[in-house]
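This briefing concerns the nonpolar core and the aromatic contacts of the structure shown below. The points are grouped by topic.

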Amino acid sequence: MKRWFPWTVLILLCLPVAAMAEPGLAALKVQPGADGSETYTVSIQVLLFMTALSLLPAALMMMTSFTRVIVVLAILRQALGTQSSPSNQILIGLALFLSLFIMMPVFDKVYDDALKPYLEEQLPATEALQRAAVPFRSFMLGQTRNDDLMMFANIARSEPFDSPDDVPFSLLMPAFVTSELKTAFQIGFLLLIPFLVIDLVIASLLMSMGMMMLSPMIISLPFKIMLFVLIDGWSLIMGTLASSFAV
């Protein structure tokens, strides 16, 4: 054991010298192409991919149907008056998988047009990224109101757009989220009306019976749950949300 110790110390001391003698790190090498483009090494592509994963939650909310679905489900829980049932984890899970179902045509098109050719080394990373943005742009433009798009265009003082393809993502994304919030609150308003009627009826009955100290929410909760179950509310909500997107 003692005779190996000097050699181990010598190797450890030589490692920094070898690192300094290396002309460059493989992860930072960029090779210029003949046509003026730049090709990155595999390691830097992995680095960029891991960086993009950190933006995945923001992209999930800003570019998919997740925002509308989760807002409607949260308003539904508030209308039922069940406090924390279903829990936040269940609502997020429902919104996530319903958004996956809604966005599946978009994901399939991204895979066929961009991801599959890139994995088969038929497209460079930059062109694959541009192709992947086209289906998302079409989906977002289909759900965005023109008024919201023009509002952000006026705020940014941008030039008039000749075609929808000229709309930059910096304008399309906030306009899309604003339109999604408007649509979600419109659906939520329609959900609140029948449950509000039940609350008013129960409150009026309690007032007429002189039971003013009893909370109407305690009495109306079983009736609202019964109504929601009898009309098969979950199927209606899921079907309405899925059909409200023109993919």
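Phe-139 and Phe-245 are both buried in this predicted model. The two residues form a stacked aromatic pair, with 6.0 Å between the ring centres and 20 degrees between the planes. Because Phe-139 belongs to helix H7 and Phe-245 to the segment after H11, the pair ties together parts that are 106 residues apart in sequence.

**Other aromatic pairs**
- The count of aromatic pairs comes to five.
- An edge-to-face pair is formed by Phe-228 and Trp-234, at 5.3 Å centre to centre and 85 degrees between the planes.
- Phe-228 has a relative accessibility of 6% and therefore counts as buried, whereas Trp-234, at 34%, counts as partly exposed.
- Phe-139, Phe-176 and Phe-245 are linked into a cluster by ring pairs.

**Charges over rings**
- Arg-68 lies over the face of Phe-245, 3.8 Å from the ring centre.
- Arg-137 lies over the face of Phe-169, 5.0 Å from the ring centre.

**Nonpolar core**
- The largest nonpolar core contains 40 residues, and Phe-139 is among those with the most contacts inside it, together with Val-69, Leu-73, Leu-76, Ile-237 and Leu-241.
- Helices that each supply at least two residues of this core include H4 (66–80), H7 (125–143), H9 (169–208) and H11 (233–243).
- Helix H4 provides the largest share of this core, ten residues.
- Leaving aside residues up to four places away in sequence, Leu-73 touches Leu-91, Leu-94, Ala-95, Trp-234, Ile-237 and Met-238.

Definitions and conventions: Residues numbered from 1 in each chain as written. Predicted model: local features only at pLDDT ≥ 70, side-chain atom pairs only at ≥ 80, totals over all residues. Heavy atoms only, no water. Core = buried A, V, L, I, M, F, W, Y, C linked by side-chain atoms within 4.5 Å. Buried < 20%, exposed > 50% of the residue type's maximum accessible area, 1.4 Å probe, protein only. Helix = DSSP H or I, 4+ residues; strand = E, 2+ residues; numbered from the N terminus. Contact = heavy atoms within 4.5 Å. Phe/Tyr/Trp six-rings, centres within 6.5 Å; stacked < 30°, edge-to-face > 60°. Lys NZ or Arg CZ within 6 Å of the ring centre and 35° of its normal.
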